[in-house]
Amino acid sequence: MGFLSRTVVASGLAAAVTFGVRRSLDSSAPGGAERWTRTNHRGEPISLMEGPAVAAGLAASSLVAGSSKFTERFAQAAACAGAAAFGLYDDLEEDTSIRAKGLKGHLGELAKGNLTTGGLKIIGIGASAGVAALIGNSRKKKRGAFDVVLDTVIIAGSANLWNLLDLRPGRALKASVIASAPLLLTGSSAAGSVVGASAAAFPGDLGERDMLGDSGANALGALIGTAFTQRSCRVLRLGGAAGIIYLTLASEKVSFSQVIADNEWLNRIDMFGRRPAMPPVDESSTDGADGDALT
């Protein structure tokens with residue numbers, strides 16, 4: 001199966017699995033629908049069921065058609081599954097009485113001997129990213145231990161970065177579709193998985209009925225990061241890691257939502273397909289900028 005065929009198959013399978021799993025959860029949500037319901041930025045109820053549906057679509061399509069090489073496909077699926085699983089645990093089991101936010105907050109709690117669900121997610125996604133990086137580099141003769149560490153940083157960091165974007169309807173999905181373009185240029189059919197799953201999730205997400213949550217956003221970021229590491233040279237991967245680290249540290253001090261709102265073109269993309277925006281809110285008073293993505 002050629003590159004174009006794999007991409008088309010990956011896209012179709014991701015969309016079908018995402019749609020099917022989401023419909024199935026509607027009728028048989030584990031623990032009942034209330035367990036999966038949260039309140040969005042408008043104060044309205046919204047479902048977390050989109051997340052595991054997107055993650056399932058990404059993992060299934062990646063394993064079947066994400067690459068011409070089995071080790072790359074398996075690494076993609078492993079990264080998606082690990083990121084989604086730990087993200088889902090944080091989504092459903094978070095202790096809201098603990099006000100730890102962002103990397104600094106959760107690592108601070110860990111230093112005190114308190115393992116929050118966000119802290120467990122940091123450890124778990126880091127570990128699953130390491131496994132994916134090890135698998136992805138296992139048959140590449142010119143890559144060694146340094147490359148495994150570098151790719152682990154990119155995969156785990158990308159998973160968190162996509163979570164930082166999931167603060168408004170459609171934002172993380174739009175970023176995923178945009179990121180799929182350079183993936184196509186690297187020859188990765190994982191781009192089809194990203195586009196297919198995103199297409200299936202857009203109606204509910206933009207309609208503000210569903211949200212990705214940690215599970216879906218982490219899975220998207222992990223897949224994009226994994227696909228990038230598999231087809232990029234070391235120089236590009238070093239640049240990617242530096243960019244991810246910079247944005248992650250910046251998120252502890254700066255609100256991405258405010259930056260997007262202040263930029264005309266970014267705001268137009270962000271608002272495309274959405275309901276009119278709410279009046280501006282000082283997110284730093286409640287979230288510590290956008291660093292709450294790990295909670």
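Predicted model: local features only at pLDDT ≥ 70, side-chain atom pairs only at ≥ 80, totals over all residues.
**Packing around helix H7**

Helix H7 spans residues 171–185 and packs against helix H8, residues 190–206. Helix H9, residues 213–230, is also a packing partner of H7. The geometry of both pairs is set out below.

| Helix pair | Angle between axes | Distance between axes |
|---|---|---|
| H7 and H8 | about 165° | 9 Å |
| H7 and H9 | about 10° | 11 Å |

Angles over 145 degrees count as roughly antiparallel, and H7 and H8 are therefore roughly antiparallel to each other. Their crossing is left-handed. On the H7 side, this contact is formed by Leu173, Lys174, Ser176, Val177, Ser180, Leu183 and Leu184, which meet Ala191, Val194, Val195, Ser198, Ala201, Phe202, Asp205 and Leu206 of H8. Sorted by class, the residues of the contact of H7 with H8 are 10 nonpolar, three polar and two charged.

For the other pair, angles under 35 degrees count as roughly parallel, so H7 and H9 are roughly parallel to each other. Here Leu173, Ser176, Ala179 and Leu183 in H7 meet Leu220, Ile224, Ala227 and Phe228 in H9. The contact of H7 with H9 comprises seven nonpolar residues, one polar residue and no charged residue.

In soluble globular proteins, nonpolar side chains tend to be buried together. In this model, the largest nonpolar core has 35 residues, and those with the most contacts inside it are Val54, Leu58, Trp162, Leu212 and Leu220. Two or more residues each are given to this core by helix H2 (50–65), helix H3 (70–93), helix H6 (145–165), H7, H8, H9 and helix H10 (234–251). H8 supplies the largest share, seven residues.

Leu220 was named above in the contact of H7 with H9. When neighbours within four places in sequence are left aside, Leu220 is in contact with Val54, Leu58, Trp162, Leu173, Ser176, Val194, Ser198 and Leu212. Another core, of 13 residues, lies apart from the largest one, and among its members are Ala75, Ala79, Ile125 and Ile155.

Gly57 is found in helix H2. Its relative accessible area is 0%, so Gly57 is buried. Leaving aside neighbours within four places in sequence, Gly57 is in contact with Ala14, Val17 and Thr18. Gly57 and Val17 are 40 residues apart in sequence, yet their C-alpha atoms are 4.7 Å apart in space.

How values were computed: Residues numbered from 1 in each chain as written. Heavy atoms only, no water. Axes fitted to C-alpha atoms, helices over the stretch in contact; angles between N-to-C directions. Helix = DSSP H or I, 4+ residues; strand = E, 2+ residues; numbered from the N terminus. Parallel < 35°, antiparallel > 145°, perpendicular 65-115°, else oblique. Left-handed = near helix turned anticlockwise from the far one by under 90°. Contact = heavy atoms within 4.5 Å. Nonpolar A, V, L, I, M, F, W, Y, C, P; charged D, E, K, R; others polar. Core = buried A, V, L, I, M, F, W, Y, C linked by side-chain atoms within 4.5 Å. Buried < 20%, exposed > 50% of the residue type's maximum accessible area, 1.4 Å probe, protein only.
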